[in-house]
Amino acid sequence: MTSNLQFQNDVEKLLSIMPPKIASSLEFGKLEDVIEIVLDIGRIPEIRHSGGKIEKIGLELINDEDISYVTSHLQEFTHDNRSGIPGTLHRISAIRNRQGKVVGLTCRIGRVVTGTIACIKDICTQGKSILFLGPPGVGKTTKLREISRLVADELGKRVVVVDTSNEIAGDGDTPHPAVGSARRMQVAQPEYQKDIMIEAVENHTPEVIVVDEIGTEAEAQAARTIAERGVMLIATAHGNSLESLIKNPTLSDLVGGIQSVTLGDDEAKRRASQKTVLEREKQPTFDIVIEILDRNTLAVYKNASEAVDYILRGWPIRPELRKVEKEYINKVEIPEPVEIKQQEENQMNFSFSRQKYCEQNKPLKKLYLYAVSRTIVEKLIERMDFNVEITRNVDDADIVIAHKNFAKGGAKILNTAKEYRVQIFYVKTNSMAQIQKVLKDALDIRPYDNPDTPEFCDETELALDEAKQAVKQIMEGAAVIELAPQNTQIRKLQHELVEQYGLNSTSIGEGDDRHLRISK
């Protein structure tokens, strides 16, 4: 059964509980991008599209009889005023007046969307705990649903879905086929979610637990308890970004929590920071954090503890952007509950927008220019054979080069780039030399004496490797070693590396020539 046919069957079940005057105005084709049908007494019913468009249905106002018609076809609403249609992923939420009477309904249309985790399939199969962050409506629950099926059917893991309000596996006693052979434990009321999480581990020996919306301190503590028992966790949490989660006192424990630490004078001076700083308190509950920027763009932090440390110290951190090619979404079939189709991997095409690895054939980069001479950039790309092309859309870009005059101007384009975690580089002038230097920095291109060394490599990684070699030489008897010049942030990392070996390091030189001197 294809996902499109499944959706059509599910929509027919939703339309069957709608008042006739509404059902007759709705067709399957009209609902392909609709996320909600809204019914409020005394108002014209409306449908809300995924792009934000709101469309009225007919001209007749909703009355008590219309609301009663819908509620009479539903199971009783739970404590959180939610109900559903057995065998589907649709969710119907009630609005009540002060006397408890239902005066409005929000009918959220549930879909089986496949292919949405294609670009992170390699991450989902590593056995590491993953936390998804993102605003409402970007597909967090959809991804949990598909990961549940992938891990349960393709990897053969024992998966238990802790399903609060039947968000993941649909209403009814039988889980929706979208979760494959994963088992589902229903949660009667949201406040019981933490208890069901612990019960799942104690009673049903899962290898993987899937949870939607960890939102309280007790649930965060339950998640840590589960992780400490060696169970893989796949979950979502309230928060738009890793940085906002760190600042959330209720949920920061998911990524290790934060504590105030007082540094000694020398350490504070070396870090160029205040004496009282924030540091990570313990190991994160989740190994990997993924920010969902939009339905098809993900920012991946592969090492949660490292990412948190960088953010707390104010160091730049570059998540790995991955994008799902839109034309491949929903081209994967939903498997039968028992049998998994092995050709799925070939059908789910995806691309990595940013890579951090040293490799000779680096993927083509897309570059967006803002107030920078396109003519000069095109000449440089042609003359130096850079593996990059200029794009006219910032949301397609992997890197942005902008004029420094606009760095603090709050330009809308640059704000959009920051939202998408696209790294921005600034030029001081529109000269050939300045643009060439910044373009090389943006593409991580550095000259090497060794022709066998890959042309593209991570600058930070190379600088730390140089520091490690210097440490080795000092420990073998060398008196003093001076490193190549680096920027402030990389020198800080080199200082910390040297300190781990009990050696001394000092920054010397001025401006672009400033570098480390290492000694015993």
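Reader: Why is D309 called partly exposed in this model?

Author: In this predicted model, D309 has a relative accessible area of 25%, and since buried means under 20% and exposed means over 50%, with partly exposed in between, D309 counts as partly exposed.

Reader: What makes the contact between D309 and R280 a salt bridge, and where do the two residues lie?

Author: The side chains of D309 and R280 meet at 3.0 Å, N to O, and because the cut-off for a side-chain nitrogen of Lys or Arg and a carboxyl oxygen of Asp or Glu is 4 Å, the pair qualifies as a salt bridge. D309 sits in helix α10 (residues 304-313) and R280 in strand β13, 29 residues apart, and the pair thus links distant parts of the chain.

Reader: What makes the salt bridge of E36 and R108 a tie between separate parts of the sequence?

Author: The two side chains meet at 3.1 Å, N to O, and since E36 lies in strand β1 and R108 in strand β6, the pair ties together parts that are 72 residues apart in sequence. E36 is buried at a relative accessible area of 11%, while R108, at 27%, counts as partly exposed. Both residues also belong to a network of salt bridges that links E36, E46, R48, K56 and R108, and the structure as a whole holds 26 salt bridges.

Reader: How do you know that the buried residues of helix α3 lie on the same side of α3?

Author: The buried residues of α3 (residues 64-72) are D66, I67 and V70, and they cover an arc of only 95° around the axis, which puts them on the same side of the helix. The face turned away from that buried side carries the exposed residues E65 and S72. On the buried side, the residues pack against α2 (20-23), β1 (34-40) and β6 (102-108).

Reader: Why is N63 said to cap the N-terminal end of α3?

Author: A side-chain oxygen of N63 lies 3.1 Å from the backbone nitrogen of E65, and because the limit for a polar contact between N or O atoms is 3.5 Å, this distance falls within it.

Reader: What makes strand β8 largely enclosed by the rest of the structure?

Author: In β8 (residues 159-164), 6 of the 6 residues are buried, so the strand is largely enclosed by the rest of the structure. V159, V161 and D163 point one way and V160, V162 and T164 the other way, and all are buried.

Reader: How do you know that β8 pairs with β9 and with β10?

Author: Pairing needs at least two bridges. Between β8 and strand β10 (residues 208-214), which run parallel, there are 4 bridges, with I209 as the partner of V160. Between β8 and strand β9 (residues 183-187) there are 5 bridges, again in the parallel sense, and in β9 the partner of D163 is Q186.

Reader: Why are β22 and β23 described as standing at the edges?

Author: Three strands form an open sheet in the order β22-β24-β23, with antiparallel pairing. Both β22 (480-482) and β23 (504-508) have a single partner strand, so one side of each is left without a neighbour in the sheet. The twist averages 20° from one strand to the next.

Methods
Residues are numbered from 1 along each chain as its sequence is written. This is a predicted model: local features need pLDDT of at least 70, side-chain atom pairs count only at pLDDT 80 or more; totals for chains, interfaces and linings use all residues. Side-chain values use heavy atoms; hydrogens and water are left out. Buried means under 20% relative accessible area, exposed over 50%, partly exposed in between (1.4 Å probe, protein chains only). The arc is that of the directions from the helix axis to the C-beta atoms. Contact means heavy atoms within 4.5 Å. A polar contact is a pair of N or O atoms within 3.5 Å; within protein, one must be able to donate a hydrogen and the other to accept it, and residues adjacent in sequence count only if both atoms are side-chain atoms. Axes are lines fitted to C-alpha atoms, for helices over the stretch in contact, and angles run from 0 to 180 degrees between N-to-C directions.
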